[in-house]
Amino acid sequence: EFKARTVWLGSPEKCEEKYPKNSIKNQKYNMFTFVPGVLYQQFKFFLNLYFLVVACSQFVPSLKIGYLYTYWAPLGFVLAVTMVREAVDEVRRYQRDKEINSQLYSKLTVRGKVKVKSSDIQVGDLIIVDKNQRIPADLIFLRTSEKNGACFIRTDQLDGETDWKLKVAVGCTQCLPAVSEDIDPPIHESLSIENTLWASTVVASGE
């Protein structure tokens, strides 16, 4: 059942609900699950499991055909190469995640603009995303520098499509002046998919 949520803009500490961190983690293993995980991924295939069973059968004298190394050396070589390759890929994934999570963005606060890491962004933060900058999380599009209140995003890193997607800022926030002296009455406006910016896409126009 869907329930309404209250999000305090600019004051995420007031949110009663707890949300996960905005950090990206594409690693498949950790230091404890690396070896078991790689072995499972290899031996879940029938042919690899077949060669393992054949190699193990050579420890039984009645089933022994040749020297043990003729069975275990090729199998061990393949497993060693696979583990080295997986380890290199895992390190690269860790480095990419660290780079993305460390990217700095401008956040609006009562004290003005401050820099914040992508992994430290919280629900309710007001984030400024510049042109050609990656969108760090799923965002509500409140305001843009474009006079028509719209901008385009590139989603090729998300879905492989090269066509730019049109996004429209929320009307009531786009019309607000840069500096407001009077407190306007509350405005109720429904949001649509056009008012959202998707994580890992790139702003192609406006900011």
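Student: Which hand is the crossing of H2 and H3?
Tutor: H2 and H3 cross in a left-handed way. Keep in mind that this is a predicted model.

Student: And which residues make that contact?
Tutor: From H2 they are Phe 51, Leu 52, Val 54, Ala 55 and Cys 56, and from H3 Tyr 71, Trp 72 and Leu 75.

Student: At what angle do the axes of H2 and H3 cross?
Tutor: Roughly 145°, and the two axes come within 9 Å.

Student: OK, H1 next. Which of its residues are buried?
Tutor: Phe 34, Gly 37, Val 38, Gln 42 and Phe 43 are buried in H1. The cover over them includes helix H2 (46-57) and helix H3 (69-101).

Student: Why does Gln 42 count as buried?
Tutor: Because its relative accessibility is 16%, and buried means under 20%.

Student: What does Gln 42 touch?
Tutor: Leaving out residues up to four places away in sequence, Gln 42 touches Asn 48, Leu 79 and Thr 82. Gln 42 itself sits in H1, which covers residues 34-43.

Student: How is the protein split into domains?
Tutor: The domain assignment gives domain 1 as 33-101 and domain 2 as 104-180 + 194-204. Their centres, taken over C-alpha atoms, are 45 Å apart.

Student: What does UniProt list for residues 13-72?
Tutor: An unreviewed UniProt entry lists them as "domain: P-type ATPase N-terminal". In the model, that span is 43% helix and 0% strand, with 58 Å between its end C-alpha atoms.

Student: Switching to the cores. Which residues touch the most other members in the largest nonpolar core?
Tutor: Ile 121, Ile 127, Val 129, Ile 135, Leu 139, Phe 141 and Leu 197, in a core of 14 residues. Apart from that core lies another of five residues, including Phe 43, Leu 52, Ala 55 and Leu 75.

Student: What is Ile 127 in contact with?
Tutor: Beyond its neighbours within four places in sequence, Ile 127 contacts Tyr 105, Ser 106, Lys 107, Val 116 and Ile 121.

Student: Last one, Lys 115. Buried or exposed?
Tutor: Lys 115 counts as exposed, because its relative accessibility is 61% and the cut-off for exposed is over 50%. Lys 115 belongs to strand E2, residues 112-117.

Student: What is Lys 115 in contact with, neighbours within four places aside?
Tutor: Tyr 105 and Ser 106 are in contact with Lys 115. Tyr 105 is ten residues from Lys 115 in sequence, and their C-alpha atoms are 5.5 Å apart.

Terms used: Residues are numbered from 1 along each chain as its sequence is written. This is a predicted model: local features need pLDDT of at least 70, side-chain atom pairs count only at pLDDT 80 or more; totals for chains, interfaces and linings use all residues. Side-chain values use heavy atoms; hydrogens and water are left out. A nonpolar core is a set of buried Ala, Val, Leu, Ile, Met, Phe, Trp, Tyr and Cys residues joined through side-chain atoms within 4.5 Å. Buried means under 20% relative accessible area, exposed over 50%, partly exposed in between (1.4 Å probe, protein chains only). Contact means heavy atoms within 4.5 Å. UniProt positions are given in the numbering used here, feature names are shortened, and annotations may be inferred rather than shown by experiment. Helices (H or I, at least four residues) and strands (E, at least two) are DSSP runs, numbered from the N terminus. Domain bounds come from an automatic or database domain assignment. Axes are lines fitted to C-alpha atoms, for helices over the stretch in contact, and angles run from 0 to 180 degrees between N-to-C directions. A crossing is left-handed if the near helix is turned anticlockwise from the far one by less than a right angle, and right-handed if clockwise.
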